[in-house]
Amino acid sequence: MFLDTSTIHAKAGDGGDGGVSFHREKFVMFGGPDGGDGGNGGDIYIEGDPSLNTLISFRYTKKFRAGNGDKGGIKNCYGKRGLDCVIKVPRGTIVKDAESGKIIADIYEDNKPVLILEGGKGGRGNARFATAERQAPAFSELGEKTEERKLFLELKTIADVGIAGFPNVGKSTLLSVISSARPKIGNYPFTTLTPNLGVVAVDDTSFVCADIPGLIEGASEGHGLGHAFLRHIERVRLIVHVLDISPASGREPLDDYFKIRKELTAYSKELALLPEIIVANKTDITENPNKICEKIKKKTGKEVYQISAVTTDGIIALKRAIASLLAELPPLKPIEHEPFAYEKKDIGEIIIEKQNNTFFVYGGMLEIFARKVVLNDPDSFRWFQKVLRDKGVIRMLKEKGLKNLDTVKILDIEFEYLE
């Protein structure tokens with residue numbers, strides 16, 4: 001089965017909590033705090049894998065998790081960093097934020113991991129909170145928690161040349177004789193159900209060809225299979241448009257040509273502007289192919305190459321013509337996009353709301369602080385209040401009408417204010 005789109009859920013690792021411990025050693029009376037910092041959480045990477053050509057592995061596997069950081073240890077030992085998670089995808093996969101549709105990364109190269117989600121920072125151990133006045137802090141920070149993100153994966157085949165045309169005109173047969181690709185070939189509609197890639201060698205150069213299946217009239221509107229596979233021709237530098245000129249097909253080559261051109265234009269104007277080579281196939285079973293090709297050339301204004309994919313007549317000349325044109329075109333490059341990154345909370349904004357005698361305090365900086373600090377002793381609580389004063393929160397509360405014995409609530413932390 002071929003699968004070229006998938007939605008997955010990914011979560012970077014949480015940071016490990018800071019450690020709380022005190023140095024204990026014979027003949028050392030006041031060893032002091034020695035709780036180490038927690039380890040950072042693992043990151044999420046996406047990497048191109050040359051052995052993959054479809055997203056079928058994501059049909060059932062939808063959730064990916066990096067490892068969490070370990071808790072800080074004694075003797076100022078750092079916690080172990082969480083294991084990274086590397087998600088393998090085919091080259092050419094576009095990674096998007098599923099909510100906004102914005103592009104996070106274009107996996108354009110094989111074996112080159114791209115950072116998608118960063119792991120949480122580890123919390124500080126109690127040794128970090130020791131000061132001249134607070135010599136034995138019995139609290140530490142919790143590790144930073146990360147959010148699960150929904151990612152949309154879309155495979156867009158990377159090839160130099162896209163072979164386009166109606167079903168049964170000989171696209172797969174052509175690919176099989178110009179490269180080592182072995183696509184499924186048969187004389188019935190939609191024989192090819194997946195884009196096939198092949199490397200074509202000619203003289204001292206080579207290029208990659210993609211057979212794009214399922215193009216019919218109305219493909220750009222979702223008819224047939226073309227709408228599903230038109231994305232795979234977006235990256236190519238050159239279109240090879242194959243026409244069946246044999247009378248056995250019962251088709252009119254020029255009508256077919258303009259119908260396919262209409263679908264390409266409707267799907268993407270940039271795609272319609274790509275250079276194009278017209279290939280008249282099945283000359284071996286066609287009477288007077290020269291006359292037909294002259295008519296096509298006159299109506300389209302483009303050079304027409306006569307071939308028989310079955311007998312291989314004209315194949316060498318076609319390969320050389322493609323290679324010559326590609327040499328004049330700019331190289332393939334990743335999709336141009338505005339780099340998307342998940343926003344971090346605004347740590348500067350502080351919001352205060354009053355309900356009766358209770359004050360609710362919100363804000364990125366305070367919420368992050370409240371989540372990370374373990375308030376398990378009076379010393380840590382006094383330190384927390386000091387931070388509120390230093391950050392100007394107490395002053396802001398008084399401006400809002402804070403009085404003695406009023407309740408202040410920050411996330412799950414609730415206390416009565418005393419002058």
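Tutor: Two strands pair if DSSP finds at least two bridges between them. Helices (H or I, at least four residues) and strands (E, at least two) are DSSP runs, numbered from the N terminus. The model is predicted, so local features need pLDDT of at least 70 and side-chain atom pairs count only at pLDDT 80 or more, while totals for chains, interfaces and linings use all residues. Residues are numbered from 1 along each chain as its sequence is written, and side-chain values use heavy atoms, leaving out hydrogens and water.

Student: Which residue in E11 is the bridge partner of Val161?

Tutor: Strand E9 (residues 161-164) and strand E11 (residues 205-211) pair in the parallel sense, over three bridges. In E11, the partner of Val161 is Cys209.

Student: Which residue in E3 stands opposite Ala10?

Tutor: Strand E1 (residues 5-11) runs parallel to E3, and three bridges join them. Across from Ala10 stands Phe64.

Student: Within what arc do the buried residues of H5 fall, seen down its axis?

Tutor: Helix H5 (residues 289-300) buries Pro289, Cys293, Ile296 and Thr300, where buried means under 20% relative accessible area, exposed over 50% and partly exposed in between (1.4 Å probe, protein chains only). The face turned away from the buried side carries the exposed Lys291, Glu294, Lys298 and Lys299. The arc is taken from the directions from the helix axis to the C-beta atoms. The buried residues line one face of H5 because they fall within an arc of 60°.

Student: What covers the buried residues of H5?

Tutor: Covering is judged by contact, that is, heavy atoms within 4.5 Å. The buried residues of H3 also pack against H5, as well as against E12, helix H4 (269-272) and E13. The cover of H5 includes strand E12 (238-244), helix H3 (253-267), strand E13 (276-281) and E14.

Student: How far does H3 reach from its first C-alpha to its last?

Tutor: H3 has 15 residues. The expected span is 1.5 Å times one less than the number of residues. That gives an expected 21 Å for H3, and the reach of the helix is close to it, at 21 Å.

Student: Is Thr286 buried or exposed?

Tutor: Thr286 is found in the loop between E13 and H5. Leaving aside residues up to four places away in sequence, Thr286 touches Ile245, Ser246, Pro247 and Ile292. Ala248 is 38 residues from Thr286 in sequence and 8.6 Å away in space, C-alpha to C-alpha. With a relative accessibility of 10%, Thr286 counts as buried.

Student: How many disulfides are there in the whole structure?

Tutor: A disulfide is a pair of cysteine sulfur atoms within 2.5 Å. Cys77, at 42% relative accessibility, counts as partly exposed, whereas Cys85, at 11%, counts as buried. A search of the whole structure gives a count of zero.

Student: Which residues of strand E4 form its uncovered face?

Tutor: In a regular strand the side chains alternate between the two faces of the sheet. Strand E4 (residues 85-89) pairs in the parallel sense with strand E2 (residues 44-48) over five bridges, and Glu47 stands opposite Lys88. The covered face of E4 holds Cys85, Ile87 and Val89, and the uncovered one holds Val86 and Lys88.

Student: Which residue takes a positive phi in the hairpin of E17 and E18?

Tutor: Strand E17 (residues 407-410) and strand E18 (residues 413-416) run antiparallel, joined by four bridges. Val408 stands opposite Phe415. Two residues lie between the strands of the hairpin, and the positive phi, near 55°, belongs to Leu411.
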